[in-house]
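We will go stop by stop.

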Amino acid sequence: MTQDWQTLFQERKVSANEAVQRGIKSGDYLVVGHAASTPGDIVKAIYDERASFSDLKVFHMLYLGEPWHLKPEMEGIVKPYINFLDGNSRPLYKEGKVEYLPCHFHELPKLFDEDYPVNVAICQVSYPNEEGYCSFGITNDYCKAATERADVVIVEMNKQMPFIGGDNLIHLSKIDYLVEVDKPLLVFPPAKIGETERQIAKHCASLVKDGDTLQLGIGAIPDAVLHCLEDKKDLGIHTEMFTDGVMHMLRSGQITGAKKTLLPNKVVTTLAMGSAELYEFLNNNDDVVCYPVDFTNDPYVIGQNDNLISINSCIEMDITGQAASEAIGTRQFSGTGGQVDFLRGSKRSKGGRSILAFPSTAKDDTISRIVPVLSEGSNVTAGRNEIDYVATEYGIVRLHGLSLRERAEALISIAHPKFRPMLEQVVKKRFHIAD
Ligand code: COA
């Protein structure tokens, strides 16, 4: 840091409680960082100083760590608008205590322009570089966009936040209040891969060719897919989520990005979640760039990658290919995330393909996830026109280009055998097929 930045740094450095008292007023629209870099000390300070506030709106996606703003004492003080439910917010949503706000991931920055007019952005950043720029580190997505639109920017400057390049920086002069912290980022153990996930992954991997660019979500199926790609070379990554699996393949030399048509030789992401080793690996790693979500997840940007393969999951799919990926009936479970962004982007990609991959059943084989009609009240996350390939442990089928009746037959072929007779009866009746 030069002398100038040291001066700026000293001027803006405050305690978390001071930042909250000076930066926030009743009625404000707050946008709070999320995932593995939730700004927990500042949120705790809002809780501590709650007597000073009323009618605060708080927006975030999945909030990991202690959710101080969701405690019962905060009712009437904070109104949470959540775009992706998690273990903390799911039970509260069921009780009507938090609002679910639907929006495609790539459209969140635009949401902050008018519809959710952010006043105060609160997130975590790294320490500044020589020129006084801090990095949003592992969570750029909507955070950078929020800081660009807010009147007040409050950050936790974390000694342990990796410095990651790309369009991922904020200058110290744009920060109003900085709170120094030195705490480990939240870590996620690798998902448990069972036989079902292994089978699904094998089917997904059968579509992947040398030189393809991949988008993979988080969880057991994407991790299992990566394990099945050990014979592939020159793979590229353009994704919303960077995980440990990608780190291992980068290290082994299978991911080079050499054939990428957009940002060749770079792994492109908007956030990262995984182990402490992953976060260390990302620090000042020139192979990896982090961009705002309205770049990474814009279908038109995604489509500039030739041979883009997107692999995501859903909760239920009806026999025509409509996918419910975020709710079980009327019960909101997670969020839309970037699923539709990548389904659409892969369609725009020359040679692009998308796969929705999921186990054929839920709840110990008592429920089929391929169903005649979606559960009552389910919202369609991905409409049937968006769907390309679908995989379960029983195989992979391509729905795009098939009639409704042909789609139903294809989906029955990958449903759990126990539910096929029921589905066949429904299809016969629906499409007037004689016995
Ligand atoms: N009926 C009833 N319950 C069902 C069900 C069904 N048809 N399908 C799944 N469930 C239950 C499971 O039993 C599980 O319950 P549990 O938590 O009590 O064990 C729960 O719902 C989650 O199912 P699971 O298959 O384990 O979910 P997952 O962790 O693999 O996540 C999605 C799958 C679809 C929920 C997740 O991928 C998602 O939220 N997608 C939307 C966002 C997205 O795709 N973003 C882009 C990638 S980052």
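Select Cys314 and show its sulfur. The closest cysteine sulfur, in Cys204, is 12 Å away, too far for a bond. A disulfide here means a pair of cysteine sulfur atoms within 2.5 Å. Cys314 is also buried, at 2% relative accessibility. Buried means under 20% relative accessible area, exposed over 50%, and partly exposed in between, with a 1.4 Å probe and protein chains only.

This is a predicted model: local features need pLDDT of at least 70, side-chain atom pairs count only at pLDDT 80 or more, and totals for chains, interfaces and linings use all residues. Residues are numbered from 1 along each chain as its sequence is written, and side-chain values use heavy atoms, without hydrogens and water.

How many disulfides does a search of the whole structure find? The search finds zero. Cys290 is in none, and its nearest cysteine sulfur, that of Cys143, is 9.6 Å away. Cys290 is buried, with a relative accessible area of 1%.

Next, show the polar contacts (pairs of N or O atoms within 3.5 Å). Pick Ser334: a polar side-chain atom lies 2.5 Å from a ligand oxygen. Pick Lys363: an N or O atom of its side chain is 3.2 Å from an oxygen atom of the ligand. Pick Ser325: a polar backbone atom is 3.5 Å from a ligand nitrogen.

Notes:
A polar contact is a pair of N or O atoms within 3.5 Å; within protein, one must be able to donate a hydrogen and the other to accept it, and residues adjacent in sequence count only if both atoms are side-chain atoms.
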